[in-house]
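Work through the exercises below with the sequence and the model at hand. Each task is followed by a solution in steps.

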Amino acid sequence: MYTAKDSGRNNFQFFTADMNAQAVERLNLENNLRTALDKKELFLMYQPQMDIKSRKIVGVEALLRWQHPEMGLVPPDEFIRIAESSGLIVSIGEWVLRAACSQARKWQDEGLAAVSVAVNVSAVQFRREGFSELVRQVLLDTGLARNTSNWK
């Protein structure tokens, strides 16, 4: 069904052994992703954002990564789509937001200059009612000041 949908309208696909293998792999990945948060397999890496003229770091982008104990490092393009289609992206996205804000606050507490922290948000999460309130609450919970110049 998903192959037919991905191929566009007005077509059909025969179910093949290869498609079965892909479906099983997807199901396994989704099941593993369901427990990844609890098992602390998800983590953030921070990519610096540079000002070319001053050659200074002006911000960082939080990048979600998944270190599975058996599969190793699972690329985001393999698990983000599954997280979105299964609805797991909502809880994962909240975790990312909290973790990134907590880390930014920790850096400030350690004496580092405050920098912008960019967090990618899934359209699924962004469209959810109460998303802006979630962001406000996370900022309040972590004690991180919002950047009012970018706040709408």
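The model is a predicted one.

**Exercise 1. The cavity**

Task: Find the residues that line the largest cavity and sort them by class.

Solution: 
- Step 1. The structure holds one cavity of 30 Å³ or more, and the space in the largest cavity is about 40 Å³.
- Step 2. Its lining is made up of Ala-104, Trp-107, Gln-108, Leu-112, Ala-113, Ala-114, Val-115 and Val-117.
- Step 3. Sorted by class, seven of the lining residues are nonpolar and one is polar, while none is charged.
- Step 4. Helix α4, which spans residues 89-109, gives the most to this lining, with three residues.

**Exercise 2. The order of elements**

Task: State how many helices and strands the protein has, and write their order.

Solution: 
- Step 1. There are six helices and four strands.
- Step 2. Read from the N terminus, the order is α-α-β-β-β-α-α-β-α-α.

**Exercise 3. Ser-122**

Task: Decide whether Ser-122 is buried or exposed, and name its polar partner.

Solution: 
- Step 1. Locate Ser-122 in the loop between β4 (116-119) and α5 (123-127).
- Step 2. Buried means under 20% relative accessible area.
- Step 3. Ser-122 has 9% relative accessibility, so Ser-122 counts as buried.
- Step 4. Leaving out residues up to four places away in sequence, Ser-122 touches Glu-84 and Ile-89.
- Step 5. With Glu-84 there is a polar contact from side chain to side chain, at 2.8 Å.

**Exercise 4. Arg-26**

Solution: 
- Step 1. Partly exposed covers values between the buried limit of 20% and the exposed limit of 50%.
- Step 2. Arg-26 and Phe-79 stand 53 residues apart in sequence, and their C-alpha atoms are 9.0 Å apart in space.

**Exercise 5. The whole chain**

Task: What share of the residues counts as buried, and what share of the accessible surface belongs to carbon and sulfur atoms?

Solution: 
- Step 1. The protein has 152 residues, of which 26% count as buried.
- Step 2. The accessible surface is about 10,800 Å², and 53% of that belongs to carbon and sulfur atoms.

Technical notes. Residues numbered from 1 in each chain as written. Predicted model: local features only at pLDDT ≥ 70, side-chain atom pairs only at ≥ 80, totals over all residues. Heavy atoms only, no water. Helix = DSSP H or I, 4+ residues; strand = E, 2+ residues; numbered from the N terminus. Buried < 20%, exposed > 50% of the residue type's maximum accessible area, 1.4 Å probe, protein only. Areas by Shrake-Rupley, 256 points an atom, 1.4 Å probe, with all protein chains shown as cover. 1 Å grid on protein atoms, 1.4 Å probe; cavity = no way out; pocket = protein on both sides within 12 Å on 5 of 7 lines; lining within 4 Å. Points joined across faces, edges and corners; volume = space filled by probe spheres on them. Nonpolar A, V, L, I, M, F, W, Y, C, P; charged D, E, K, R; others polar. Polar contact = N/O pair within 3.5 Å; in protein donor to acceptor, adjacent residues only side chain to side chain. Contact = heavy atoms within 4.5 Å.
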